[in-house]
Amino acid sequence: MADLKEDRIDFSKLERELENAMKADAKYWRENDAKLRAVDQRVESYEQFRDMVAASHLRPLDKKDRISECKMQQPWNPLAQEGSSSSSEQDTEKTDKPLPFGYLPTNSLEFSRDWKRCKDRYALLKTIGGPGLGKVLKKDLGMGTLGEILRALDRSSGQEDASFLVEILESLPGCGRFDLALDFLDEMDRQALQGIFQQLEAVEGGSDGFAKHLSEVRKVYQVS
């Protein structure tokens with residue numbers, strides 16, 4: 001006689017499998033629609049394409065939604081979290097270890113990673129250079145990054161640094177969201193910016209051409 005227990009159908013298991021299959025199917029079509037929208041919008045980079053697909057599950061806020069009741073998990077300024085403890089503290093621990101020979105970050109994500117880990121940030125900027133920094137951050141100058149760069153530059157001094165400082169200052173306005181980042185500089189960031197221009201004025205050597213050029217850069221950074 002057949003064992004009835006062996007022939008019994010587990011409806012709970014079938015229900016879970018059906019639910020998972022429906023979720024997987026819905027996810028597939030949702031992400032497929034996002035991919036088609038990204039292609040139709042002609043996004044400029046793979047990072048933007050990937051972000052659109054990854055955020056395909058999000059929905060617009062409704063009038064009934066109350067943001068104040070939500071617990072925000074993503075910080076507005078990731079760089080401001082450097083001093084706080086986290087589960088990934090070991091990954092972001094600052095180090096004096098130089099970058100491998102010939103290595104340079106190629107995008108804002110790689111720059112942010114190296115920037116967080118590096119103790120001598122001024123040396124990192126010197127390694128990348130002004131034109132290189134402009135290319136790396138061309139797509140996105142993350143919130144807080146501009147201020148961090150200005151503070152690192154403010155530590156420099158001497159005639160040999162003048163051309164490098166100007167190179168960096170000229171490269172940043174071409175980066176994505178520069179105007180927004182400039183508006184969000186705090187008091188310490190603006191003091192660092194003033195310090196940089198004071199250094200440049202001290203080493204300009206009375207050159208009218210350099211003074212005029214420096215005046216133009218000042219206008220871009222809204223420094224009087």
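This is a predicted model: local features need pLDDT of at least 70, side-chain atom pairs count only at pLDDT 80 or more; totals for chains, interfaces and linings use all residues.

1. From α7, the residues Ile149, Leu150 and Leu153 meet Phe164, Leu165, Ile168 and Leu169 of α8. The make-up of this contact is seven nonpolar residues, with no polar and no charged ones.

2. How do the axes of the two helices cross? Helix α7 covers residues 145–153 and helix α8 residues 162–171; their axes come within 11 Å and cross at roughly 175 degrees. Angles over 145 degrees count as roughly antiparallel, so α7 is roughly antiparallel to α8.

3. Besides its place in the contact of α7 with α8, Ile149 touches Phe111, Trp115, Leu125, Leu133, Leu137, Ile168 and Leu172, leaving aside residues up to four places away in sequence.

4. Tyr221 leads on to the aromatic residues. Across the whole structure, a search finds five aromatic pairs. In one of them, the ring centres of Phe178 and Tyr221 lie 5.4 Å apart with the planes at 85 degrees, so this pair is edge-to-face. The pair links distant parts of the chain, as Phe178 sits in helix α9 and Tyr221 in the segment after α11, 43 residues apart. Are these two residues buried or exposed? Both Phe178 and Tyr221 are buried. Ring pairs also join Phe178, Phe197 and Tyr221 into a cluster.

5. Tyr28 and Trp29 form another of the aromatic pairs: their ring centres are 5.0 Å apart and the planes stand at 80 degrees, so this pair is edge-to-face too. Trp29 has 45% relative accessibility and therefore counts as partly exposed.

6. Finally, the overall picture. The protein has 11 helices and zero strands, and its pattern along the sequence reads α-α-α-α-α-α-α-α-α-α-α. Of its 224 residues, 28% count as buried. Among contacts with a separation of 6 or more, residues 24 or more positions apart account for 69%.

Terms used. Residues are numbered from 1 along each chain as its sequence is written. Side-chain values use heavy atoms; hydrogens and water are left out. Axes are lines fitted to C-alpha atoms, for helices over the stretch in contact, and angles run from 0 to 180 degrees between N-to-C directions. Helices (H or I, at least four residues) and strands (E, at least two) are DSSP runs, numbered from the N terminus. Angles under 35 degrees count as roughly parallel, over 145 as roughly antiparallel, 65 to 115 as roughly perpendicular and the rest as oblique. Contact means heavy atoms within 4.5 Å. Ala, Val, Leu, Ile, Met, Phe, Trp, Tyr, Cys and Pro count as nonpolar, Asp, Glu, Lys and Arg as charged, and the others, Gly among them, as polar. Rings of Phe, Tyr and Trp (its six-membered ring) pair if their centres lie within 6.5 Å; planes under 30 degrees apart count as stacked, over 60 as edge-to-face and the rest as tilted. Buried means under 20% relative accessible area, exposed over 50%, partly exposed in between (1.4 Å probe, protein chains only).
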